[in-house]
Each structure stands twice: as C-alpha cells, then as structure tokens.
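Dear colleague,

Please find below the structure that I am handing over to you.

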Amino acid sequence: MVFGTFDMLHPGHVDLFRQAKEVAPDSRLVVSVARDGNVERIKGARPRNSETIRLAQVRESEYVDDAVLGDEVGYMPHILAARPDIIALGYDQEGEYVEKLEQDLRAAGLTTKIIRLQPFEPEKFKTSKLRK
C-alpha cells in the first residue's frame, strides 16, 4: 500500500508505484489517494484536481491493482480494510500520518512492515516543482 496526493501524476509517481509493486513477488498494490480536505489542511491549499479525478488517474496506472480514497478523519480505517503486508512510503513522506504509523499499526494488531522507496529524479519530478 502507498499513500499520496497524486495531484499531477508524473513519472516520479509512476516509479513509486513500480517500486512498490516490485517489493514482493505476486504483490497487489493498493494506492490511497488523499482526500481534498486533508490535502488542504496539511499542505495549505486545495489540490488542483479533485479527489475523484486524482483517484481515476491513479487507477489508470498499469502498476496499480486498486486505488481508494483515504479517510476524511484519521487514516487507520482504510488501512484496516486493506490489511496490507507492507506499506511503502515515498522518500520524502513525513508528517502526522508517518510519525505515528508504526505505533498505530501495532495498536490495531497489524504486523505491517513499513519501508521507504527510493527517489526518482526528484530534482525533476516533484509536483511542487512541476507546478511552477
């Protein structure tokens, strides 16, 4: 399982999906797309594209087996529904959802492993840079 806003689906995101999919043989990749309200609260601005458009774009990736909208409050309910063996975080993911993730997974009785994926040309493919 991976998480993100995915406001402008670019090669860096596609590589994130590829890396996550290749973590384990015969894996099934579930992508959690951030809700509009959460993006605005965390990043200080609404995404360019609505959550339904971003969800549809993510679903089109050849590496994605399923894409879901994240929770409007918190983040554990949809993780519990997916019950992932592995959560793959992007190289630059941090903040409230990452800080307590391992602790919250254990408290929920999950043995989910958390890994970090490698960046893919971050000087070129980062949404904040592509917007400019």
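**Surroundings of Thr 112**

Leaving aside neighbours within four places in sequence, Thr 112 is in contact with Pro 84, Asp 85, Ile 86, Ile 87, Leu 105 and Arg 106, where contact means heavy atoms within 4.5 Å. This is a predicted model, in which local features need pLDDT of at least 70 and side-chain atom pairs count only at pLDDT 80 or more, while totals for chains, interfaces and linings use all residues. Residues are numbered from 1 along each chain as its sequence is written, and side-chain values use heavy atoms, with hydrogens and water left out.

Thr 112 lies in the loop between α6 (101–107) and β5 (113–116). Helices (H or I, at least four residues) and strands (E, at least two) are DSSP runs, numbered from the N terminus. With a relative accessible area of 2%, Thr 112 is buried; buried means under 20% relative accessible area, exposed over 50%, and partly exposed in between (1.4 Å probe, protein chains only). Thr 112 and Glu 22 are 90 residues apart in sequence, and their C-alpha atoms are 17 Å apart in space.

**The chain as a whole**

The secondary structure of the protein chain comes to seven helices and five strands. From the N terminus on, the order of elements is β-α-β-α-α-β-α-β-α-α-β-α. The radius of gyration of the protein chain is 14 Å, close to the 14 Å that the globule rule gives for 132 residues, so the chain is as compact as a globular protein of that length. This radius is taken over C-alpha atoms, and the globule rule is 2.2 Å times the number of residues to the power 0.38. The C-alpha atoms fill a box of roughly 40 × 30 × 25 Å, taken along the principal axes. Of the 132 residues, 39% count as buried. Among contacts between residues at least 6 apart in sequence, 70% join residues at least 24 apart.

**Strands**

β1 and β2 run parallel and are joined by three bridges; two strands pair if DSSP finds at least two bridges between them. Gly 4 has Val 33 in β2 as its bridge partner. Together, β1, α1 and β2 make a right-handed β-α-β unit. A crossover is right-handed if, with the strands pointing away from the viewer, the path from the first strand over the helix to the second runs clockwise.

β2 and β3 also run parallel, with four bridges between them, and Ser 32 stands opposite Val 68 in β3. In a regular strand the side chains alternate between the two faces of the sheet. Both faces of β2 are covered: Val 30 and Ser 32 on one side, and Val 31 and Val 33 on the other, are all buried.

**Nonpolar cores**

A nonpolar core is a set of buried Ala, Val, Leu, Ile, Met, Phe, Trp, Tyr and Cys residues joined through side-chain atoms within 4.5 Å. The largest one has 15 residues, of which Val 2, Phe 6, Phe 17, Leu 29, Val 31, Val 58 and Val 64 touch the most other members. The elements that give two or more residues to this core are α1, β2 (30–33) and α3 (51–59), and α1 gives the most, with three residues. Not counting residues up to four places away in sequence, Val 64 touches Phe 17, Leu 29, Val 31 and Val 58. A second, separate core of 11 residues includes Met 1, Tyr 75, Leu 89 and Leu 101.

**Aromatic pairs**

Rings of Phe, Tyr and Trp (its six-membered ring) pair if their centres lie within 6.5 Å; planes under 30 degrees apart count as stacked, over 60 as edge-to-face and the rest as tilted. By this rule there are two aromatic pairs. Phe 6 and Phe 17 form a tilted pair, 5.3 Å centre to centre, with 55° between the planes. Phe 6 is in the loop between β1 (2–4) and α1 (11–21), and Phe 17 is in helix α1, 11 residues apart. Both Phe 6 and Phe 17 are buried.

Tyr 75 and Tyr 97 form an edge-to-face pair, 5.2 Å centre to centre, with 85° between the planes. Tyr 75 lies in the loop between β3 (66–69) and α4 (76–82) and Tyr 97 in helix α5 (residues 96–99), so this pair ties together parts that are 22 residues apart in sequence. Tyr 75 counts as buried at 12% relative accessibility, whereas Tyr 97 counts as partly exposed at 24%.

**Positive phi angles**

Phe 6 has a positive phi of about 55° although it is not a glycine. Arg 83, in the loop between α4 and β4 (86–89), has a phi near 50°, again a positive value in a residue other than glycine.

Yours sincerely
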